[in-house]
Amino acid sequence: MFEWSDEQVMIRDAVRDFINKEIRPRVEEFEHGDTPPYDVLRKLFATFGMDAMARERFKRQIEFERAVEEAKAKGEPVPEKPTREGGSDPSLTMLPIIELCRVSPGMVTAMGVSMGLTAAAINSRGTIAQKERWVPDLLTLDKVGAWAITEPDSGSDAFGSMKSTARRDGDEYLLNGSKTFITNGPYADTIVFICKLDEGNPPAERKILSFVLDSGMPGLEQSPPLRKMGMHSSPTGQLFLNDVRVGRDRLVGETEDVPSGGREGAKDTFSMERSGVAAMALGIIEECLELSVGYAKDRVQFGQPIGNFQLIQEKLARMEVARLNVENLVFRSIEVAQAGKGLTFAEASAMKLYSARAATEVAMEAVQLFGGNGYMAEYRVEQLARDAKVLQIYAGTDELQIVAIAKDLLRR
Amino acid sequence: MREVDSETMKIVVCVKQVPDSWAEKTLGADNTLDRGSVDAVMNELDEYAVEEALRLQEAHGGEVIVLSMGPSQTTDTIRKALSMGADSGVHVIDDGLHGSDAVATSLALAKAIEGRGADLVIFGSESTDARMSVVPAMVAERLGLPQLTFSSSVSVEGSTVRTNRVTEYGYDVVEASLPALVSVVEKINEPRYPSFKGIMAAKKKKVETVDLAGLGVSADQVGLAGSWSAVEEAAARPPKAKGTIVTDDGAGGTAIADFLSAQKFI
């Protein structure tokens, strides 16, 4: 794959048209007015039939999983996984991410955490009953999801320093702890809460468990949105749990015996998150480059367009190199998925590291190219530069991606 | 008069590919549009026509065929209508059609519609490039169909189509028996975006191509040579002239009134 196909271009143009009509004119309201992004995202989903497609795909998945369970129960051979149809083309997810990031990357964060991380955490490890209970509404954004792992004292060292606990209490569990920097935290209906099972053993040996919580449960408090540097259209908050009582039906998988002590489940989720960041970076880079080329042609200084100056040309050329590289990474991840393979953890990390750095560099250089205007909110690159920075921090910092890549190289 | 059976109601919706309204347009040596220099899009008003056809199909069942005449890139516009939900396409394409005026175009379109058993033919009321608004009426005349133009609403009941025809004073309610031809204005609906599924499905839908021979039209009836009108000369719009600034020294109102009166605005 070296370019978007005719159908992908049609999808891109249709989504771009929607965003230009529905989101671009209201960007100020989403970025600075505390208007939550969910209604307009739901409209986006419904407009393009993404909600119906997600429901259909989920239905097929559950039918297949049921057939597998029944076959296993009867001792019959397990049915083969049905071949994927066009509907599962990853570009159908990537294109809206790229287009949204040209205007309001925070929207993608809010959407990705809800439909991506939260739904996937339940969908990959939950029982069929749990999937049916929570996943469909998350996939369509009818319910807003949050995936809560980070704590005030546990960021990059997510599992090592985790203080949140689950204690057995009869057939139930009591959950305690506080989580922070939780995307969608203030508005989430469905929360996947990750914690350690406290059996009186040393924290390092404790199992990692995930529980599904509903907003409004006694003992669960969701903070208002936190103020932050960028990604203003994505509400971020804190969660406080004080003896939240849950039954086993809310323990993801309904078992404490999770492979690798529960760490693998979260790792799968990390991998998915990392490839999504490359698509986000591409959207930011494309928009910055387009704005910068336009400005270089129009802005006249010393009697000529600034695009005539080689120092400006150097910036534009570097932006184009970044765009080409990140686009190729996105194409690669689409092709890998279409071939039925997945990126390795280290590959996903490499992709995330490069794309996040490229997006920040391009956006900051765009601000520089725009000069004083670039520092003004009116010229758009200011917002994109603030938004881009978090790509190097969330979903694993640059430093953690480097560790993941190096570990993989040195293990060979 | 034809009773519409929900299983067989057939709608032909005509769409035109036009240069993007915002693009700088240039003419070629023969005074026809240089299509290579501009982005081509579906004529905006035709999106309303497609939407109305799809809504009627949703209400009554049947089939929507999208028809367009133009060079090879017109396929993109036909695909767009198919991705919105139309069932199949007809592309009238022939080098001999280059430069056809409204009369010649209406002949080719009428021939392409003829014999398809259409209960309803729907057009947008004008194209954003030529802005003549005459092709729907000409096609209706050639096909001997009642014409219900400038419609801001369309409904079909049994063998009758009823529209609100926009006028200077409001609207007239117009009725005709099927088959009939309708042209729509932009007030009629809000065109849908194609769904992702619709876009993926569009490439599998059938698009029939027809040339002049297939239409039974001879080359001297269409194209630059067969057109009744010709563009002899074209000039760029003159640059905007400098405006008149009225300084209000107490008699500003009078000065403005005098200016407007001199320009015959008041």
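Visitor: In this predicted model, how many residue pairs are in polar contact between chain A and chain B, both at pLDDT 80 or more?
Guide: The model is predicted, and side-chain atom pairs count only at pLDDT 80 or more. With both residues held to that level, the count between chain A and chain B is two residue pairs.

Visitor: Which helix of chain A gives the largest share of the side that touches chain B?
Guide: Helix 1 (6–22), helix 4 (50–74) and helix 5 (91–103) of chain A each supply at least two residues of that side. The largest share is eight residues, and the element that supplies them is helix 1 of chain A.

Visitor: How do the residues of the side of chain A that touches chain B divide by class?
Guide: In total, 17 residues of chain A are in contact with eleven residues of chain B. The side belonging to chain A divides into ten nonpolar, three polar and four charged residues.

Visitor: What area is buried between chain A and chain B, and which three residues of chain A supply more of its part than any other three?
Guide: The buried area is about 1300 Å², and carbon and sulfur atoms give 76% of it. Of the area that chain A buries against chain B, 43% is supplied by three residues: E7(A), M10(A) and F48(A).

Visitor: Which residue of chain A forms a salt bridge with K197(B)?
Guide: Between chain A and chain B the count is two salt bridges. In the one formed by K197(B), the closest N and O atoms are 2.9 Å apart, within the 4 Å cut-off. The partner of K197(B) is E56(A).

Visitor: How far apart are the C-alpha centres of domain 2 and domain 3 of chain A?
Guide: Chain A is divided into domain 1 (6–143), domain 2 (147–258) and domain 3 (264–411). Eight residues of domain 2 are in contact with twelve residues of domain 3. The C-alpha centres of these two domains are separated by 31 Å.

Visitor: How many salt bridges are counted between domain 2 and domain 3 of chain A?
Guide: The side of domain 2 that touches domain 3 has five nonpolar, three polar and no charged residues. Two residue pairs in polar contact are found across this interface, both residues at pLDDT 80 or more. The salt bridge count is zero.

Visitor: Which residue's backbone oxygen does the side chain of K205(B) reach?
Guide: Not counting residues up to four places away in sequence, K205(B) touches R79(B), L82(B), G85(B), A86(B) and D87(B). The C-alpha atom of K205(B) is also 7.8 Å from that of G89(B), 116 residues apart along the chain. The side chain reaches, at 2.8 Å, the backbone oxygen of A86(B).

Visitor: In chain B, what percentage of contacts between residues at least 6 apart in sequence join residues at least 24 apart?
Guide: Chain B has eight helices and eleven strands, and 42% of its 266 residues count as buried. Among the contacts in question, the share joining residues at least 24 apart is 72%.

Methods:
Residues are numbered from 1 along each chain as its sequence is written. Chains are lettered from A and ligands numbered from 1 in the order in which they are written. This is a predicted model: local features need pLDDT of at least 70, side-chain atom pairs count only at pLDDT 80 or more; totals for chains, interfaces and linings use all residues. Side-chain values use heavy atoms; hydrogens and water are left out. Contact means heavy atoms within 4.5 Å. Buried area is the accessible area (1.4 Å probe) that two parts lose on being put together, summed over both. A salt bridge is a side-chain nitrogen of Lys or Arg within 4 Å of a carboxyl oxygen of Asp or Glu. A polar contact is a pair of N or O atoms within 3.5 Å; within protein, one must be able to donate a hydrogen and the other to accept it, and residues adjacent in sequence count only if both atoms are side-chain atoms. Helices (H or I, at least four residues) and strands (E, at least two) are DSSP runs, numbered from the N terminus. Ala, Val, Leu, Ile, Met, Phe, Trp, Tyr, Cys and Pro count as nonpolar, Asp, Glu, Lys and Arg as charged, and the others, Gly among them, as polar. Domain bounds come from an automatic or database domain assignment. Buried means under 20% relative accessible area, exposed over 50%, partly exposed in between (1.4 Å probe, protein chains only).
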